Amino acid sequence: MSSPRERGKNLMESSGSEPPVTPSRYESQKRRDWNTFGQYLKNQRPPVPMSHCSCNHVLDFLRYLDQFGKTKVHVPGCMFYGQPEPPAPCTCPLRQAWGSLDALIGRLRAAYEENGGSPEANPFASGAIRVYLREVRECQAKARGIPYKKKKKKKPTTEMGGGRDDSSSSSSSFSFS
């Protein structure tokens with residue numbers, strides 16, 4: 001099985017004798033996101049070449065995208081602030097959902113490196129971007145009255161006793177007399 005990066009390269013290298021490989025949904029979205037961000041930089045005054053892109057440009061891009069958002073984010077003064085399902089409409093702004101922004105940054109981070117950027121200089125991997133995303137997540141969770149709880153990573157299970165299954169090695173089966 002090939003990695004997404006290899007599939008992307010295979011798309012570019014397919015010869016005329018083979019039928020073209022259809023890119024995955026992820027690869028297509030990543031290419032669209034990359035092109036959209038590149039167009040955003042070109043539209044800046046003055047235009048910003050990708051080689052001069054910083055995390056500040058990325059943050060500005062994320063804020064720019066809010067105008068196209070579909071997630072109602074209640075402001076602290078709103079009577080529905082903190083309610084997961086408000087009973088009536090209000091004038092609070094629509095924003096990009098945190099999950100959408102997080103996924104977008106993941107795709108752009110990968111696209112940056114696939115397009116020749118070095119991991120050390122990746123503006124999408126900046127600490128400022130992580131802080132911004134954390135603040136958006138917390139703000140949106142509070143506005144909707146939904147506490148955000150980080151999922152705990154499951155600890156990897158290790159086999160004990162030469163391949164026995166986990167049920168036979170549980171601590172409740174031991175007795176101390």
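The buried residues in question are Leu101, Leu104, Ile105, Arg107, Leu108, Ala111 and Tyr112. An α-helix has 3.6 residues a turn, so residues three or four places apart point the same way. Helix α4 itself has 17 residues and reaches 24 Å from its first C-alpha to its last, close to the 24 Å expected at 1.5 Å a residue, where the expected span is 1.5 Å times one less than the number of residues. After α4 comes Gly116, whose phi is positive, near 100 degrees.

The model is a predicted one, in which local features need pLDDT of at least 70 and side-chain atom pairs count only at pLDDT 80 or more, while totals for chains, interfaces and linings use all residues. Residues are numbered from 1 along each chain as its sequence is written, and side-chain values use heavy atoms, with hydrogens and water left out.

Across the protein chain there are 5 helices and 2 strands, taken as DSSP runs (H or I of at least four residues for helices, E of at least two for strands) and numbered from the N terminus. Along the sequence these elements follow the pattern α-α-α-β-β-α-α. Of the 177 residues in the protein chain, 28% are buried, and the accessible surface comes to about 12,900 Å², with 54% of that surface belonging to carbon and sulfur atoms; such areas come from the Shrake-Rupley method with a 1.4 Å probe, and for residues only the protein chains shown count as cover. Among contacts (heavy atoms within 4.5 Å) between residues at least 6 apart in sequence, 57% join residues at least 24 apart.

Helix α2 (residues 25–42) packs on helix α4 (residues 98–114) at an angle of about 80 degrees, with the two axes 9 Å apart; axes are lines fitted to C-alpha atoms, for helices over the stretch in contact, and angles run from 0 to 180 degrees between N-to-C directions. That angle makes α2 roughly perpendicular to α4, on a scale where under 35 degrees is roughly parallel, over 145 roughly antiparallel, 65 to 115 roughly perpendicular and the rest oblique. On the α2 side the contact is made by Tyr26, Glu27, Gln29, Lys30, Asp33, Trp34 and Phe37, and on the α4 side by Leu104, Gly106, Arg107, Leu108, Ala110, Ala111, Tyr112 and Glu114. By class, this contact has 8 nonpolar, 2 polar and 5 charged residues, with Ala, Val, Leu, Ile, Met, Phe, Trp, Tyr, Cys and Pro counted as nonpolar, Asp, Glu, Lys and Arg as charged, and the others, Gly among them, as polar.

Helix α2 also packs with α3, at an angle of about 105 degrees and with axes 11 Å apart, and these two helices are therefore roughly perpendicular to each other. Thr36, Phe37, Tyr40 and Leu41 of α2 meet His57, Val58, Asp60, Phe61 and Tyr64 of α3 in this contact, whose residues divide into 6 nonpolar, 2 polar and 1 charged. Within helix α3, Val58 is buried, with a relative accessible area of 0%. Leaving out residues up to four places away in sequence, Val58 touches Phe37, Cys53, Ile105, Pro123, Phe124 and Ile129. In the loop between α2 and α3 lies Pro46, which is joined to Arg45 by a cis peptide bond with omega about -5 degrees.

The strands and the loop between them complete this account. Thr71, found in strand β1, is partly exposed, with a relative accessible area of 22%, and, not counting residues up to four places away in sequence, touches Pro93, Leu94, Arg95 and Ala97. Gly82 lies in the loop between β1 (71–72) and β2 (94–95) and counts as partly exposed at 30% relative accessibility. Although 59 residues separate Gly82 from Ala141 in sequence, their C-alpha atoms are 8.2 Å apart in space; leaving aside neighbours within four places in sequence, Gly82 is in contact with Lys142, Ala143, Arg144 and Gly145. Gln83, found in the loop between β1 and β2, touches Ala143, Arg144 and Gly145 when residues up to four places away in sequence are not counted.

Key. Buried < 20%, exposed > 50% of the residue type's maximum accessible area, 1.4 Å probe, protein only.
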